[in-house]
Amino acid sequence: MRSLVIFALAFASVPTLTLAQAVEGQAPAYCSELKRIAALAVTKEKFASITGKPRNGNFRDTTLELTGWQVCSIYGPATYTCDSQPLATAENAETAQASTMHDIQACLGEAWSEARDRSSPRYVVLHHAGRPLSITLSTDQTDRNEHVVRLILFVRRN
């Protein structure tokens, strides 16, 4: 009887644990960095505090990379970009793009919505309702024939 009670108590706690994990799991691992980057984008200095060494063209390294992303950099004074981890196929990239859009909306909140009139199956645009910020998520293929989702956060010029 005692074992049955212990089993019942343990089993009753499983949905609570699963629900707590699901709520925590809604925000992506890179959420805190993305929030910080979005906050920096609307300051007078933009990305100056996270800008590193020069790269080719007008690109620069960044000292603040999104967790789980690669090739993060700053372009010009007001654009931040990263690529996802490599994906095997274009279909995988499209699936990851849709998932990433939902993750970003869960992370950044209701002020961010899809600009459907500017989006397409391979290119998604998210706008902030009250600030001149946008995020684009596009799929691309690298020189090594790997597929990626490219995230670009930038300050819109109105």
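**Asp61 and its strands**

Analyst: Asp61 stands opposite Ser73 in β3. Keep in mind that this is a predicted model.

User: Which strand is Asp61 found in?

Analyst: Asp61 belongs to strand β2, residues 59–62.

User: And how many bridges join β2 to β3?

Analyst: Three bridges join β2 to β3, which covers residues 70–75, and the two strands run antiparallel.

User: What about β1 and β2, in which sense do they pair?

Analyst: Strand β1, residues 51–54, pairs with β2 in the antiparallel sense, over two bridges. Thr62 in β2 is the bridge partner of Thr51.

User: Which residue takes a positive phi in the hairpin of β1 and β2?

Analyst: That is Gly57, with a phi near 65°. The hairpin has four residues between the strands.

User: What does Asp61 touch, leaving out residues up to four places away in sequence?

Analyst: Asp61 touches Ile50, Thr51, Gly52, Lys53, Arg55 and Ile74.

User: Which side chain does the side chain of Asp61 make a polar contact with?

Analyst: The side chain of Arg55, at 2.4 Å.

User: Last one: what separates the C-alpha atoms of Asp61 and Tyr75?

Analyst: Those C-alpha atoms are 9.0 Å apart, and the two residues lie 14 residues apart along the chain.

Notes. Residues are numbered from 1 along each chain as its sequence is written. This is a predicted model: local features need pLDDT of at least 70, side-chain atom pairs count only at pLDDT 80 or more; totals for chains, interfaces and linings use all residues. Side-chain values use heavy atoms; hydrogens and water are left out. Contact means heavy atoms within 4.5 Å. A polar contact is a pair of N or O atoms within 3.5 Å; within protein, one must be able to donate a hydrogen and the other to accept it, and residues adjacent in sequence count only if both atoms are side-chain atoms. Two strands pair if DSSP finds at least two bridges between them.
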